[in-house]
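This briefing goes through a protein model by topic.

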Amino acid sequence: MERIFCRHDQHRPRTSEMASIRQIEANRANAKRSTGPKTASGKAKSSQNALRHGLARSAISDPTEAGNLAVAIAAGLRHPVTIDAAMALARSKLALLQIRSFRHELLAALLSCPVPAGVKRLNILDRYERAALAKQKRALRAL
């Protein structure tokens, strides 16, 4: 009977040997050199390394705007609501506005210069919009 080799069979198994003293010392020396940014401006810049559009963040950029919208929502309803429920609805509405604004900018950019990456980013926006709509639906149920 012929044995079929999987890809993981071709690699040697890991040993449980500990690192040598020289390896440990080299790791410590490297760690001392690479500890990240030290200055406030360097830390601020590195905190934005993975940021593309900011839609994945749950924090609203302007909490005052969310608070004002929550007060307006609570005042506009005929029955009393908790400020937490109104704030949840306000946050979901602001998130939807942000997503739709970003979509508008992306569509405008695609009209001037169509690229496949832009179309892919449009598809990705749907995920964020669905999440914001789900939050809005939960907030409306809580009211």
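**Glu129 and its surroundings**

Leaving aside residues up to four places away in sequence, Glu129 touches Leu96, Ile99, Arg100 and Arg103; contact means heavy atoms within 4.5 Å. The model is predicted, so local features need pLDDT of at least 70 and side-chain atom pairs count only at pLDDT 80 or more, while totals for chains, interfaces and linings use all residues. Residues are numbered from 1 along each chain as its sequence is written, and side-chain values use heavy atoms, with hydrogens and water left out.

- Glu129 is part of helix α5, where helices (H or I, at least four residues) and strands (E, at least two) are DSSP runs, numbered from the N terminus.
- Glu129 counts as buried because its relative accessibility is 13%; buried means under 20% relative accessible area, exposed over 50%, and partly exposed in between (1.4 Å probe, protein chains only).
- The side chains of Glu129 and Arg103 make a polar contact at 3.0 Å. A polar contact is a pair of N or O atoms within 3.5 Å; within protein, one must be able to donate a hydrogen and the other to accept it, and residues adjacent in sequence count only if both atoms are side-chain atoms.
- Arg103 belongs to helix α4 and is buried, because its relative accessible area is 17%.
- A polar contact of 3.0 Å also joins the side chain of Arg103 to that of Asp126.
- Not counting residues up to four places away in sequence, Arg103 touches Leu122, Leu125, Asp126 and Glu129.
- Arg103 lies 18 residues from Arg121 in sequence, and their C-alpha atoms are 9.0 Å apart.

**Helix α5**

- The 27 residues of α5 (residues 116-142) should span 39 Å at 1.5 Å a residue, and the end C-alpha atoms are 40 Å apart, which agrees. The expected span is 1.5 Å times one less than the number of residues.
- The buried residues of α5 are Gly118, Leu122, Leu125, Tyr128, Glu129, Ala132, Gln136 and Ala139.
- An α-helix has 3.6 residues a turn, so residues three or four places apart point the same way.
- The cover over the buried residues of α5 includes α4 (83-112).
- Gln136, also in α5, is buried because its relative accessible area is 14%.
- Beyond residues up to four places away in sequence, Gln136 touches Leu89, Ser92, Lys93 and Leu96.

**Rings**

- Arg127 lies over the face of Tyr128, at 4.7 Å from the ring centre. A charge sits over a ring if NZ of Lys or CZ of Arg is within 6 Å of the ring centre and within 35 degrees of the ring normal.

- Pro80 sits in the loop between α3 (63-76) and α4, and counts as exposed because its relative accessibility is 78%.
- Pro80 and Leu143 are 63 residues apart in sequence, with 8.8 Å between their C-alpha atoms.

**The whole protein**

- The protein has five helices and zero strands, in the order α-α-α-α-α from the N terminus.
- Of its 143 residues, 19% count as buried.
- Among contacts with a separation of 6 or more, 61% are between residues 24 or more positions apart.
- The accessible surface is about 12,000 Å², of which 56% belongs to carbon and sulfur atoms; areas come from the Shrake-Rupley method with a 1.4 Å probe, and for residues only the protein chains shown count as cover.
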